Amino acid sequence: MKLSLFITCFNDTLFPETGKATVHLLERLGHTVEFPLEQTCCGQMHYNTGYHEEAIPLVQKFVDVFGDAEAIVAPSASCVAMVHEFYHKVAERSGDSRLREQVEKLVPRVFELSQFLVDELGVEDVGAYYPHRVTYHPTCHSLRMLEVGDAPLKLLRNVRGIDLIELPMAEECCGFGGTFAVKNADTSMAMLGDKIRHIKDTEAEVCIAADNSCLMHIGGALQRQRGGVKTVHLAEILASTETSS
Amino acid sequence: MSSDKAKTPTFQESAKAYLDNTQLRRNIGHATHTIRDKREQAVGEMPDWEELREAGSNIKQRVMRHLDKYLVQLEKSVQQAGGVVHWAKDGKEANRIILDLVQQKQVEEVVKVKSITTDEIELNKALAKEGIQALETDLAELIVQLAEDEPSHILVPAIHKNRAEIRELFKEKLNQDELSDRPEDLAEAARLYLRKKFLSAKVGISGGNFAVAETGTISVVESEGNGRMCTTLPDTLITVMGLEKIIPTWRDFEVFMQLLPRSATAERMNPYNSFWTGVTDGDGPQEFHLVLLDNGRTNVLADEVGRQTLNCIRCSACLNVCPVYERTGGHAYNSVYPGPIGAILTPQLKGLEDEGAASLPYASSLCGACYEVCPVKINIPEVLVHLRGKIVDEKKRNGGIKQKTNQEHIGMKLMARAFKKRSRYERAQKLARIGQGLFVKDGSISNLPGELAGWTAMRDLKPIPEQTFREWWRQRDE
Amino acid sequence: MSDSREKILQRVRSALENVPESESPGDVDVSRAYRQEGTLTGDELVTLFAKRVGEYKATVKRIKEEDLQSAVSVSCREQEVEKLVVPPGFSKNWLPDWIQPLNDDPGEPLSNQQLDASDGVVTTCALAVAQTGTIVLDAGEGQGRRVLTLLPDYHLCIVREDQIVELVPEAFVHFEQSVRDDGPPITFISGPSATSDIELNRVEGVHGPRRLEVLIIS
């Protein structure tokens, strides 16, 4: 298939490795990946913080950039959730009926990576190799908004050499919540404290998730605490092979 | 909501103190996790739970869209059944109506069933000002009242108190010399004290969980029996109810009486449900008054997205799964309605000009656990984001210079500008990468200024890598 | 005050401006795909009811109708009940001779003090729900006015097997017509009174009968 990569502003700038991994993974599975350079940001941060007016041009841009794509894949559940859950609302606010139509046509073609692999391609074994003890944190957007279910776990279980430990109370929010992590930093940290405790209880070396936003938050605290656990995006695990891990 | 104009603290300010309260953290953490698990079990038994949620949500939607018709129908039904209906635009008016009714009976004490609505309008205070004591008969509310405290949870208002504290309180206020702290003994002490009160009460005040437009039937859902006491023993019964509590027909109870007990106390059915229709000769109160309360509900109704907030059946399931509430407790919300439902109801009832109320929609990480458990499918995250939008719009309109120079506002505007054009975006990426140099120490950023300090106060930040993804991609293409 | 009525209705109507004039309440779709009728019958149904009521810490016994009087006698002795409140219409044949009946007469109703000083009350019921272990009273014959089952500390309730339905919706259907016509007060009782406020321990018996006993007759 010809796939359009939506890297997300976040990954583009802060986590390029996740983007590279996604490209290598999809190519390894035999697909062609294109990267429309015009893309910038899905508008989630603005929208969730209440800057709805500002989100309109960003939605328009997204739709213009990806309008013709056959399938758009993004290594970010939260950004894909933004598209699926709120793009039609932003379009409504704009009062632009053409934008509404464009959004409606586009949304079904936008996929989060793990959902795309398992539900669209029907692939659960991507030929990955990652000989480490790991645990998986299901981010709220992937769990509750996109309902990816156990797609990520299915993929991870088939990674050769992996020692996958179940995360206790996995479905609890890590406390990131976008600007919540800054506006309500105290509460955010109280939540993060418990998430980290559960991660450490697994004695895993690596914590994996489908969102670098949550991983930045979890990893940031682990780093500050010299916690001895690192955070790695799902795409990078799946892209990993004998020759690259 | 009380109409006092004093500034309410923001959630952010209040939360800090409560997060440090270790007893509160322990009590509420334990309580919410316990109820959470039990609820899951109770709901797990039901093969048609999702169908019930759908029906509950639909029925409420039907009511809200035609609330005027249902209000008129309810009034007629209650009157035909021998009750009197009063309409109160706000809390002040409701209190005046109730005060008049009580004064007509020439009593100095009335017995009350727990009703958050009466807390909302501060009824007890209004009555006390005129020398009338409204005695709370719900065990937890009694505790809160004796302690001169405020409730911190919709269903379990005294959840922030442990048994030793309660024993001391009862010993002091109920004149008990010897009292153990075993829950059974504490309950017995309260029972004996209240029984005397029930038997002599002339006026009872209650809330109402549901009111049936078709028949004029009101229901009270409870566990202890004090609801039955207050709605059966006194000669006069006054029920205060928000106007959104209506359900269309008697049959609709079959949905809500399944949704509520399992969601609230994780039981198949709570001990007592009382359904009364107006007045019955020779059985219970011979005078029944229903006070219908607006107090901002019509504002919620007018907001097409916010309207679903009125579906709420006050089960508190959302509180029990909220990772924020579990750690800060109810008082941090500075509102009669705490937790996820409070974060959307309070700002809509009070208005967004109140700084404290306007901070509530941000008191959430948008995790969505609340929406998953809401028995009437209120999409709380959707309403939270919607309210955030209204708050920002309002600030832009009326915030003046203060808003224009606000860090977040400037930051958001700059980023939106950058995101609109690829060349600007790429330039911004490069600038950030250069600019971060000031903050990177030993490969990590541990100290950011201004509003971002909240991040680095407790977390490190990975610096922006030397090459962005798109720079890599371009290079790859060559 | 009727001024407030008009103001409120006006506010409601303007809040609903986006609802088309032509739409009627019935036009708002209500999906009723939940279970409306149970599938259990006979012994399974009765057994479920007995189990569920028992889980609330009520005493449950299954007996034959001809043994009812002696069963009431046994229960009253066990509970040390002598002064027993009896509602109008309750069959006197079911009462043991040695009991001191406190008959609640519509012409001469018992006072609250008398009810408070009694040892217990015996009633029939209108309906019972197996799934939730619920007894439903509608103040009818053999049940009496509400206070009779509220003040005494012990409630002995006679439930006929044919009064048991499985699911909650079946209970509400049953009372639909009578509520529309006469509006009798209806009470659902699912176990003795309880509270779980103090540290979430379930404590039985705050107000209302702390002891509930159910005799199921075939």
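In chain B, residues 24 or more positions apart account for 72% of the contacts that have a separation of 6 or more. The model is predicted. Its chain B has 478 residues, of which 63% are buried. The secondary structure of this chain comes to 24 helices and 12 strands, and the C-alpha trace spans about 95 × 55 × 50 Å along its principal axes.

## Chain contacts

Two pairs of chains touch, and the pair with the most contacts is B and C. Chain A and chain C, in contrast, have no contact, and their closest C-alpha atoms lie 16 Å apart.

## The interface of chains B and C

The contact between these chains takes 94 residues from chain B and 77 residues from chain C. The size of an interface is often given as the accessible area lost when the parts come together. For chain B and chain C the buried area is about 7,700 Å², with 57% of it on carbon and sulfur atoms.

Polar and charged interactions also cross this interface. There are 30 residue pairs in polar contact between chain B and chain C, counted with both residues at pLDDT 80 or more. On the side of chain B that touches chain C, the residues divide into 42 nonpolar, 23 polar and 29 charged. The salt bridges found across the interface of chain B and chain C number 12. One salt bridge is formed by Asp48(B) and Arg35(C), whose closest N and O atoms are 3.2 Å apart.

Strand β9 of chain B, residues 272-277, pairs with strand β9 of chain C, residues 186-189, in the antiparallel sense over 4 bridges. Within this pairing, Ser274(B) has Thr187(C) in β9(C) as its bridge partner.

## Arg145(C)

Which residues does Arg145(C) contact, leaving aside its neighbours within four places in sequence? From chain B they are Gly282(B) and Asp283(B), and from chain C they are Asp104(C), Pro109(C), Leu110(C) and Leu115(C). The side chains of Arg145(C) and Asp104(C) are joined by a polar contact of 2.8 Å. Arg145(C) is found in the loop between β6 (134-137) and β7 (154-160) of chain C. Arg145(C) counts as buried because its relative accessible area is 18%, under the limit of 20%.

## Individual residues of chain B

Two loop residues of chain B have a positive phi without being glycine. For Asn295(B) the value is about 50 degrees, and for Leu366(B) phi is near 60 degrees. Asn295(B) lies between β10 (287-293) and α13 (297-302), in a loop of chain B. The loop that holds Leu366(B) runs between α17 (355-359) and α18 (369-373) of chain B.

Lys92(B) lies in helix α5, residues 91-104, of chain B. Its C-alpha atom is separated by 8.7 Å from that of Leu123(B), 31 residues apart along the chain.

The table gives the accessibility of these residues.

| Residue | Relative accessible area | Class |
|---|---|---|
| Asn295(B) | 9% | buried |
| Leu366(B) | 12% | buried |
| Lys92(B) | 62% | exposed |

Is Lys92(B) buried or exposed? Lys92(B) is classed as exposed because its relative accessible area is 62%, over the limit of 50%.

Technical notes: Residues are numbered from 1 along each chain as its sequence is written. Chains are lettered from A and ligands numbered from 1 in the order in which they are written. This is a predicted model: local features need pLDDT of at least 70, side-chain atom pairs count only at pLDDT 80 or more; totals for chains, interfaces and linings use all residues. Side-chain values use heavy atoms; hydrogens and water are left out. Contact means heavy atoms within 4.5 Å. Buried area is the accessible area (1.4 Å probe) that two parts lose on being put together, summed over both. A salt bridge is a side-chain nitrogen of Lys or Arg within 4 Å of a carboxyl oxygen of Asp or Glu. A polar contact is a pair of N or O atoms within 3.5 Å; within protein, one must be able to donate a hydrogen and the other to accept it, and residues adjacent in sequence count only if both atoms are side-chain atoms. Ala, Val, Leu, Ile, Met, Phe, Trp, Tyr, Cys and Pro count as nonpolar, Asp, Glu, Lys and Arg as charged, and the others, Gly among them, as polar. Two strands pair if DSSP finds at least two bridges between them. Buried means under 20% relative accessible area, exposed over 50%, partly exposed in between (1.4 Å probe, protein chains only).
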